[in-house]
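Here are some worked exercises on aromatic pairs and pockets. Keep the viewer open and try each task before you read its solution.

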Amino acid sequence: MFLEEVTFPGGTRVLAWRLEEETSLLASCCHEMGIAFEDLMDLPLKRQREKAAERLLLCRAFGHPVTLLHDEQGAPSVEGHEQVNISITHTPQLVALAVNENEVIGLDAEQADRQQVLKVRTKFLNPEEQTFIGQDMAAHIIAWTAKEAIIKAERNSALDWTNGICLEPFTVPELDFEEISFTARCGANRYRMTTHRVEHHYMTLAIAY
């Protein structure tokens with residue numbers, strides 16, 4: 001089910017889909033919109049659902065069915081709209097898409113209860129980040145999504161997570177929140193980071209500036 005579309009300063013649009021439908025219903029939605037689905041039939045059902053929701057979001061974002069392409073790094077682009085920057089993220093319950101014609105962007109989301117990040121904190125947090133994040137699980141998940149979003153923006157999966165990407169200190173409100181903002185850097189590039197609470201997920205958008 002389509003959840004929301006949010007537009008950020010600078011024109012970045014983020015569209016989100018709650019992945020709750022059966023595959024047959026998503027296939028029917030694709031057929032109604034003129035979106036190809038048959039080429040997904042050989043994929044596992046989980047991937048069929050993700051890809052169908054992804055195509056429905058792309059159709060909504062561009063106003064018509066489009067073809068998704070990927071470069072050697074796996075970074076996506078849209079055939080005929082190669083000048084448009086896009087980023088896509090999937091979880092078992094959420095598919096989201098970010099689109100911007102002018103700015104370099106990256107998007108990532110994770111479930112808010114993904115405790116596994118606490119076990120690997122030293123693999124993606126540098127010592128300074130470990131200090132200001134402490135043991136807060138929400139802050140760990142937000143940091144993970146922030147670094148993943150920057151990797152997508154940089155189109156470089158070989159980046160050093162711990163020291164190649166540095167997050168400026170941020171705090172997570174104790175009560176439920178809708179959005180927090182902070183900054184980060186990756187080499188000579190700087191990013192405005194915005195984490196948005198969507199359902200039971202933290203979704204982080206990186207915009208280069």
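**Exercise 1. Find which residues are linked into a cluster by ring pairs, and work through the pairs.**

Ring pairs join Phe124, Trp144 and Trp161 into a cluster. Before going on, note that this is a predicted model, in which local features need pLDDT of at least 70 and side-chain atom pairs count only at pLDDT 80 or more, while totals for chains, interfaces and linings use all residues. Residues are numbered from 1 along each chain as its sequence is written, and side-chain values use heavy atoms, with hydrogens and water left out.

Step 1: apply the rule. Rings of Phe, Tyr and Trp (its six-membered ring) pair if their centres lie within 6.5 Å; planes under 30 degrees apart are stacked, over 60 edge-to-face, and the rest tilted. The count comes to six aromatic pairs.

Step 2: classify one pair. The ring centres of phenylalanine 124 and tryptophan 161 are 6.5 Å apart and the planes stand at 85°, so this pair is edge-to-face. It links distant parts of the chain, 37 residues apart: phenylalanine 124 belongs to helix 4 (residues 121–124), and tryptophan 161 to the loop between helix 6 (137–154) and strand 8 (165–167). Helices (H or I, at least four residues) and strands (E, at least two) are DSSP runs, numbered from the N terminus.

Step 3: check burial. Phenylalanine 124 and tryptophan 161 are both buried, meaning under 20% relative accessible area with a 1.4 Å probe, protein chains only.

Step 4: classify another pair. For phenylalanine 170 and phenylalanine 182, the centres are 4.5 Å apart and the planes at 25°, so the pair is stacked.

**Exercise 2. Which element gives the most to the lining of the largest pocket?**

Step 1: define the pocket. On a 1 Å grid over the protein atoms alone, a pocket is an open set of points where a 1.4 Å probe fits, with protein on both sides within 12 Å along at least five of seven lines; lining residues have an atom within 4 Å of a point.

Step 2: list the lining. The largest pocket has 19 lining residues, and Gly74, Ala75, Pro76, Ile88 and Lys152 lie nearest its centre.

Step 3: assign elements. Helix 2 (45–62), strand 3 (68–70), strand 5 (85–90) and helix 6 each supply at least two lining residues. Strand 5 gives the most, with four.

**Exercise 3. Which element gives the most to the lining of the second largest pocket?**

Step 1: inspect the lining, which includes Lys51, Glu54, Arg55 and Leu58.

Step 2: assign elements. Helix 2 and strand 3 each supply at least two residues, and helix 2 gives the most, with four.

Note on methods. Buried < 20%, exposed > 50% of the residue type's maximum accessible area, 1.4 Å probe, protein only.
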